[in-house]
Amino acid sequence: MAKWNPFRRNKPEDKAPQESPAVEPGQGGESDASSESTTPVAPSESSTAPAQQTPAVPSEPVPTEPTSKAPTPEAPEPEKEQKTGFFSKFKTALKKTVNVLNTDLRDIVKEGRLVDDAFLEEIFALMIRTDMGVASASKIRDDIGKKFRARKVEFSDLVGSAKETVREIMQQGSADVNFAESGPTIIMVVGVNGAGKTTSIAKLVYRYKEMGKSVVLGAGDTFRAAAVEQLTVWANRLNAEIITGKSGSDPASVAWQATEAAYNNDHDICIIDTAGRLQTQSNLMDELGRINRLINKAANKVSEGSTAPHEVLLVLDATAGQNALSQAKGFSEAANCTGIVLAKLDGTAKGGVAIPICQEFGLPVKFIGLGETPDAFAKFDVDTFVDALFDEN
Ligand SMILES: Nc1nc2c(ncn2[C@@H]2O[C@H](COP(=O)(O)OP(=O)(O)O)[C@@H](O)[C@H]2O)c(=O)[nH]1
Ligand SMILES: [Mg+2]
């Protein structure tokens, strides 16, 4: 495992990569982009960049003294012991869904009910009132129909069936990132402004540092100087190397350099931040594709045959409810996302939206954000989620 060297703090500023990152074989449509690499420029849509919430650098980011904890490779995965603590947070986050399931669903089967078309439609209408979306509600209804049609059911039958359906919908492989088989694991982080990208990166750094891994960051949100500062504050506090470019420089150049640094300096993990953008801004979405391809090219240049990024995490703000769904759609199409970080689950009752996100886009929810500190983060666990969803207490 690579050792992190606190004295080796590469800050190449906006030094352009030796090989122009913008020139991609077979990317004829991007020929105009090659000029961007020699003179770093702001993202082309800078003037129309999302004018929504632009979170300031946290004045007092409060990592829980992560630097005092020496990373030990044998450190147990934090989520194990956190599981119970997170259960109640999960329940709060799923309150809207839990309430409907636990009160209304219980009510309609109080005295037992015969499962017929009318009853199944009642179930469907009830599920629709939660945040699970039409497709999931239909599947829950259909599965109940298949198992119990023309039979009398009780609450526990319905809950048992619905749990099984949700588990099936959300079935996912390893909830952690897809680690590289050899060499560094490169993770790109995307999402709209204010979703929680930079905070989630800090949480990932904390997580991997705790596991004894060495981390390098790429401050790819070059659009706002404050964003670079914000990530730098976290990098310093969490003891991670950071590659920055000047404000307005080409984010792909930063991504390129961070990827190179990850390979050249034997880091285990490289996480690249990107500027927030709306899923509707097609040229900004195209830029994500370009950054993605250049990360791959950089990886290949340093280590022939490598492909990267290994993970493209889409950070969604759980408080956005159904809007998170349209973000998932836009980003998963344009940015080749491989997983979701559902941030701010601590501040919403609409966490049920995780179900349609998994179902409609086939994107696994890998991590959940439960607060603003780096440790307020957990690997998504489908069993805890389903248990919280149908918890009767
Ligand atoms: N309560 C809570 N706040 C969060 C969470 N994740 C991020 N935030 C806050 O959301 C705001 C925007 O986060 P930031 O990481 O800067 O978003 P970015 O624009 O996507 O990089 C900041 O005030 C964060 O502290 C979370 O899981 N829970
Ligand atoms: Mg940010």
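**Asn-239 after helix α8.** In this predicted model, Asn-239 follows α8. The phi of Asn-239 is positive, near 65°.

**Helix α8, length and buried side.** Helix α8 covers residues 225-237. Its end C-alpha atoms are 19 Å apart, which agrees with the 18 Å that 13 residues should span at 1.5 Å a residue. Ala-227, Val-228, Gln-230, Leu-231, Trp-234 and Ala-235 are buried in α8. They cover an arc of only 160° around the axis, so they sit on the same side of α8. An α-helix has 3.6 residues a turn, so residues three or four places apart point the same way.

**Helix α3.** Helix α3 runs over residues 95-108, 14 residues in total. From first C-alpha to last, α3 reaches 19 Å, close to the 20 Å expected at 1.5 Å a residue. Buried in α3 are Thr-97, Val-98, Leu-101 and Leu-105.

**Val-177, a buried loop residue.** Val-177 lies in the loop between α6 (155-169) and β3 (185-190). Val-177 counts as buried because 24 other C-beta atoms lie within 10 Å, and the cut-off is 20 or more.

Leaving aside residues up to four places away in sequence, Val-177 touches Thr-185, Ile-187, His-310, Glu-311 and Lys-366. Lys-379 is 202 residues from Val-177 in sequence. In space, the two are 9.7 Å apart, C-alpha to C-alpha.

Key
Residues are numbered from 1 along each chain as its sequence is written. Chains are lettered from A and ligands numbered from 1 in the order in which they are written. This is a predicted model: local features need pLDDT of at least 70, side-chain atom pairs count only at pLDDT 80 or more; totals for chains, interfaces and linings use all residues. Helices (H or I, at least four residues) and strands (E, at least two) are DSSP runs, numbered from the N terminus. The expected span of a helix is 1.5 Å times one less than its number of residues. A residue is buried if 20 or more other C-beta atoms lie within 10 Å of its own, exposed if 12 or fewer, and partly exposed in between; C-beta atoms are placed from the backbone. The arc is that of the directions from the helix axis to the C-beta atoms. Two residues are in contact if their C-beta atoms, placed from the backbone, lie within 7 Å.
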